Amino acid sequence: MSRNQRIALVVAAVVVAAVAFVVAQPGDDEDAGPTADTTPAQTQTDSETGAQTEGETGGADTEEQTEQQPAPPPEPEVTRIRITGGEVAGGAKDIRVESGEVVRIVVTADAADEIHLHGYDITGTAAPGRPARFRFRANLEGAFEMESHVAADAGLDPLVARLVVAPT
Amino acid sequence: MTLIAHGLVGRSDLPIPEWLFGWAAAMVLVVSFVALAVLWPEPRLERERWRPLPGGLGRVLAGRPVQIACGAIGVFLLGVVIYAGLRGTQSPTANFTPTFVYVIFWLALVPVSLLFGDVFRAFNPWRAIGRAVGWLAGRISRSDLPAPLSYPAGFGHWPAAAGIFAFAVMELVVSDGDKPENVAIAALVYSALTFVAMALYGVESWIARGEAFSVYFNLISRLSPVETRDGVVGLRRPLAGLAALEPVSGTVALLAVMIGSVTFDGASVGSLWTGIAPDIAGFFADAGLSPQRALELTFLVGLIGAILLVYAFYQLGVVGARSVGGGFSTGRLARAFVHSLVPIAVAYVAAHYLTLLLFQGQSIAFLASDPLGDGSDLFGTADSQIDYSLLGANATWYCWVGLVVAGHVAALTLAHDRALALYDDAKLAVRSQYWMLAVMVGFTSLALWLLSQVNS
């Protein structure tokens, strides 16, 4: 095979690879760029208001949210998790969302507990009759574990749920 | 890194989607056959070609002052690892030692070696101490030291294979393997063993064959274009360093340990392993072991099983290659092609631990400021946090696939070049390549499959 033939074959293979990639790739895929670029600072404030103030002042927080986003999307679905006797009712489940969605999680517990979401680093406190409420924009992609600090300290399985954030 | 994944990491990866898996697998096949057709018809990598860095830079970089400085840094870091592990907090995430050993030392040195050559050799604390002691002893006794024993040929790379296996057991099997104290004690024990072996066989010969991390990082650095020769840093063709590797007894086992341990780590979070693990653990528990010991023994069985499978699969390819003729023994062929497994092993490590290094590696910023976890702030970075937005899921997937395919291409190229050098007959060389190609495609498909299994 001559040198030119070799080069032609490599070029052909690269073209085939590129075309196959474009064809195989799901159509609505806009790459990770925009979602990954969203400023972490935004996530922080978002999640802090979501996790820490909502537990006490639920209404005020909603107003704040609407101020920040002129055209609010329809209210996101709330995931409810119940912990009784240190165990998650129905076992720890995956919460599946897409990157950029607003996530709402409410954890009720029959004893005082601290619920921590890794990666996003949000902690909420729960007590009987006072659930821990989480509300934040899922800007980080990947799988993140939500754990109970009380169960972890007691040497039990601390997993409350897993948040799975897929790219859009 | 099972334990680490649960202990240290706040974020875990998503499995590659089906369409990307399919595309990548197809690409592996396309690349393989294109490579067969277009790769050079004469061996090229076997030829020596090395040039020193221009302007005396090569001599300065490998010079005595730089060597002493690097060695001192290495010894200092080993000291910090042991001190922080023993004296610091025993929470794996808040102590400097586990993250430094499992992420910075074990993982960050991989890309560094790939780019800049055998950097670990300069920083190797055991080598530095061994050489310093030898120099001091020579000064004091004012006579020649007794010559060390000659390194037994039968040992080959076996001590290194055993060392890397022990590290994998510590990392993946022992349930308290990421506890700072245990890491520090392991470092002490390993240091003691290394010094004894160096005293017996000499510093340089133990470093070249027996010391596990020296051998491991040297293998990886052979992919790099940077090589130090006779005290001068210079450049060579990429991959040529691997062609120059002299396989000894135990080299195949070492590569099987390297690939097998990553395979097991990847598979241990997948449904296949989590399906059978409880059964094996139940068997050991019935035999009277505590649940924790039963689980550890189960993981040990899994780890050894993965290593043996990798070993057997490679041997299968070698037996196949032997069947085409040429009159080589399987042992000879196994050693002749083992260097082509190195890029595959590196691709496994690079893809599998990419995000661990990228995200958990950031925590060294706050751990360095507060190594003991007692609230100190040595460099003012104790409050820094991990930025998980560094690499999105899509970008992660593309990096994985890119690394795996690149490793595959490098492996094919090496095997092809070696076949041309080994067989006089070009036809035999090509026919032996079908077998090696099948082995490579198998390993690469396994790597892709593991990446489609994470957390699924």
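What follows is a chat about a predicted model with chains A and B.

Visitor: Before we start, what is this model, and how are things numbered?

Guide: It's a predicted model, where local features need pLDDT of at least 70 and side-chain atom pairs count only at pLDDT 80 or more, while totals for chains, interfaces and linings use all residues. Residues are numbered from 1 along each chain as its sequence is written, and chains are lettered from A and ligands numbered from 1 in the order in which they are written.

Visitor: OK, how many helices and strands does chain A have?

Guide: Five helices and nine strands. Those are DSSP runs numbered from the N terminus, with helices being H or I of at least four residues and strands E of at least two. From the N terminus on, the order is α-α-α-α-β-β-β-β-β-β-β-β-α-β.

Visitor: And what share of chain A is buried?

Guide: Buried residues are 30% of its 168. Buried is 20 or more other C-beta atoms within 10 Å of the residue's own, exposed is 12 or fewer, and partly exposed is in between, with C-beta atoms placed from the backbone.

Visitor: Why is β7(A) largely enclosed?

Guide: Because six of the six residues in β7 of chain A (132-137) are buried. One side has Ala132(A), Phe134(A) and Phe136(A), the other Arg133(A), Arg135(A) and Arg137(A), and all are buried.

Visitor: Which strand does β7(A) pair with over six bridges?

Guide: β4 of chain A (102-109), in the antiparallel sense. To pair, two strands need at least two bridges found by DSSP. Ile105(A) sits opposite Phe134(A) of β7(A).

Visitor: Switching topic: how many residues of chain A are in contact with chain B?

Guide: 28 from chain A, against 22 from chain B. Contact means the C-beta atoms, placed from the backbone, lie within 7 Å.

Visitor: Which element of chain A gives the most to that side?

Guide: α1(A), with nine residues. On that side of chain A, 19 residues are nonpolar, six polar and three charged. Here Ala, Val, Leu, Ile, Met, Phe, Trp, Tyr, Cys and Pro count as nonpolar, Asp, Glu, Lys and Arg as charged, and the others, Gly among them, as polar.

Visitor: What about chain B, at what angle do α15(B) and α16(B) pack?

Guide: About 115°, with α15 (291-323) and α16 (330-337) having their axes 9 Å apart. Axes are lines fitted to C-alpha atoms, for helices over the stretch in contact, and angles run from 0 to 180 degrees between N-to-C directions.

Visitor: Which residues of α16(B) make the contact?

Guide: Thr330(B), Leu333(B), Ala334(B) and Phe337(B), meeting α15(B) residues that include Val318(B) and Arg322(B). The contact residues divide into six nonpolar, two polar and one charged.

Note on methods
Contact = placed C-beta atoms within 7 Å.
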